[in-house]
Amino acid sequence: MNGKHPPAGGNAGGMTGAEEVGLREASEGLGLHYMTVYRYVRSGKLPARRERGEWLVLRSDLRALVRQPQAPVERGRRGHPRHEPRVGHLVTTLLAGDEAGAWTVISEALASGANASAVSIELIGAAMREVGERWERGEASVADEHRASIIAHRLVGRGGAHVSRRGRHRGIIVLGAPAGEMHSLPSALLTDVLRAEGFEVHDLGANVPTADFVACVAGLQPVWAVGIVVTTSPPSRMLVPLVREMRRRVKAPVVVGGAAAIHANLRLPAGVVVSRSTAEAAALLGAGAEVR
Ligand code: B12
């Protein structure tokens, strides 16, 4: 929205008069409950700006909303809810520092029948990759990106409450990144996927010193599998020593993955598996098996 807006007011029903209206007026004009329109704003479905504590929306945006086909749950080829349209809304809210709006996007996805781990991977992961692209293009500042990743972690924490499973767990999986690798969201996201599959997951996050990572796994034995993730290319020089030490000290299978593992020409000890995608990482760790 640009800055050339006249003051709010005018005839909401006919959507004529001033270019911008407040939410009360917008909801009357649309024939929707005030809270529904508010949710549209917070989730990014309806563009709006705030002036002296009041949300203002353009009449042209209200007309565009009315013309939109009603598609509350979009479904993909296999009948799963599709999240692509929501990713854009999530990016907008993340970059605006609007945590409540970001959570609205997530909760709407959950309410439409999406499972929590799909939300993690397809929504939060995809949105953060887009944030990275905007940062790379100079369209988002480092502060924007930092704020977005803090919110993303908080969303994962909140969404994680939806994936807890009752009963005995299938085994312990430990995830983390080697020293020097500062990206912690990849393991946080995979944590939810594995918990949904019934594993007890210990996520050590980013930048874990080799000795401490290995000692933690050794202390938790028996461990079903260990996942080590590298995101920045070239991968941390501590990756190979970590993998070697892990293989030497613990029996659990080790899976290495993440964006940097896929692209790098890694020389890893025999028996260590490299995953090429999130789904493959989840499958390999869940199988707890070594694939040579
Ligand atoms: C947030 C962010 C940061 C934050 C991280 C904060 C945090 N606590 O995590 C901070 C500010 C620390 C950061 C730092 C840097 N960053 Co950064 N960052 C990002 C950003 C925007 C999002 C990262 C993210 O969470 N992505 C979402 C995750 C979920 O996506 P994913 O990586 O595909 O993860 C999946 C896979 O890893 C998969 N998976 C597959 N196999 C396996 C196996 C296992 C075991 C596991 C657990 C997971 C797994 O599971 C994940 C979930 O789906 C990305 C953009 C991007 N494309 O990701 C840049 C990005 C990764 N960063 C980048 C860069 C350049 C840096 C810095 C070098 C910047 C700098 N000059 O300082 C430093 C590097 C620091 C370091 N030594 O590691 C580049 C990397 C480019 C490259 N070729 O390596 C990116 C791609 C941005 C860009 N477009 O240029 N960054």
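Strands β6 and β7 run parallel to each other and are paired over four bridges. Two strands count as paired if DSSP finds at least two bridges between them. One of the bridges links V229 to its partner G257 in β7. The model you are looking at is predicted: local features need pLDDT of at least 70, side-chain atom pairs count only at pLDDT 80 or more, and totals for chains, interfaces and linings use all residues. Residues are numbered from 1 along each chain as its sequence is written. Helices (H or I, at least four residues) and strands (E, at least two) are DSSP runs, numbered from the N terminus.

**The five-stranded sheet**

- Here is the background idea: strands of a sheet pair through backbone hydrogen bonds, either parallel or antiparallel.
- Strands β6 and β7 belong to an open sheet of five strands with parallel pairing, in the order β5-β4-β6-β7-β8.
- The edges of this sheet are β5 (200–203) and β8 (273–274); each has a single partner strand, so one side of each is left without a neighbour in the sheet.
- Strand β4 (residues 172–176) also pairs with β6 in the parallel sense, over four bridges, and V174 has V226 of β6 as its bridge partner.
- Five of the five residues of β6 are buried, so β6 is largely enclosed by the rest of the structure.
- A residue is buried if 20 or more other C-beta atoms lie within 10 Å of its own, exposed if 12 or fewer, and partly exposed in between, with C-beta atoms placed from the backbone.
- In a regular strand the side chains alternate between the two faces of the sheet.
- In β6, both faces are covered, with buried A225, G227 and V229 on one side and buried V226 and I228 on the other.

**The three-stranded sheet**

- Another open sheet has three strands in the order β1-β3-β2, and the pairing there is antiparallel.
- Strands β1 (20–22) and β2 (49–51) are at the edges, each with a single partner strand, so one side of each has no neighbour in the sheet.
- From one strand to the next, the twist averages 40°; axes are lines fitted to C-alpha atoms, for helices over the stretch in contact, and angles run from 0 to 180 degrees between N-to-C directions.
- Strand β3 (residues 54–58) is joined to β2 by three bridges, and the two run antiparallel; R49 has L56 in β3 as its bridge partner.

**Around the ligand**

- The shell around the ligand holds 39 residues, of which G132, L185, G227, G257 and A281 come nearest; a residue is near a molecule or strand if its C-beta atom, placed from the backbone, lies within 6 Å of it.
- Elements that give two or more residues to this shell include α6 (116–136), α8 (185–196), β6 (225–229) and β7 (254–257).
- Helix α6 makes the largest contribution, with nine residues.
- By class, the shell has 17 nonpolar, 17 polar and five charged residues; Ala, Val, Leu, Ile, Met, Phe, Trp, Tyr, Cys and Pro count as nonpolar, Asp, Glu, Lys and Arg as charged, and the others, Gly among them, as polar.
- Domain 2 (84–160) and domain 3 (172–287) both give residues to the shell, so the ligand lies between them; the domain bounds come from an automatic or database domain assignment.
- L185 sits in helix α8 and is partly exposed, with 19 other C-beta atoms within 10 Å.
- L185 and I124 are 61 residues apart along the chain, and their C-alpha atoms are separated by 9.3 Å.

**Helix α9**

- Helix α9 (residues 210–219) has F213, V214 and V217 as its buried residues.
- Seen down the axis of α9, these buried residues fall within an arc of 90° (taken from the directions from the helix axis to the C-beta atoms), so they line one face of the helix.
- A211, D212 and G219, on the other side of α9, are exposed.

**Backbone details to look for**

- Most residues other than glycine have a negative phi, and most peptide bonds are trans.
- Q221 and P222 are joined by a cis peptide bond, with omega about 5°; P222 is in the loop between α9 and β6.
- Another cis peptide bond runs from S233 to P234, with omega near -5°, and P234 lies in the loop between β6 and α10 (239–249).
- N207, in the loop between β5 and α9, has a positive phi near 55° and is not a glycine.
- N207 counts as partly exposed, with 16 C-beta neighbours inside 10 Å.
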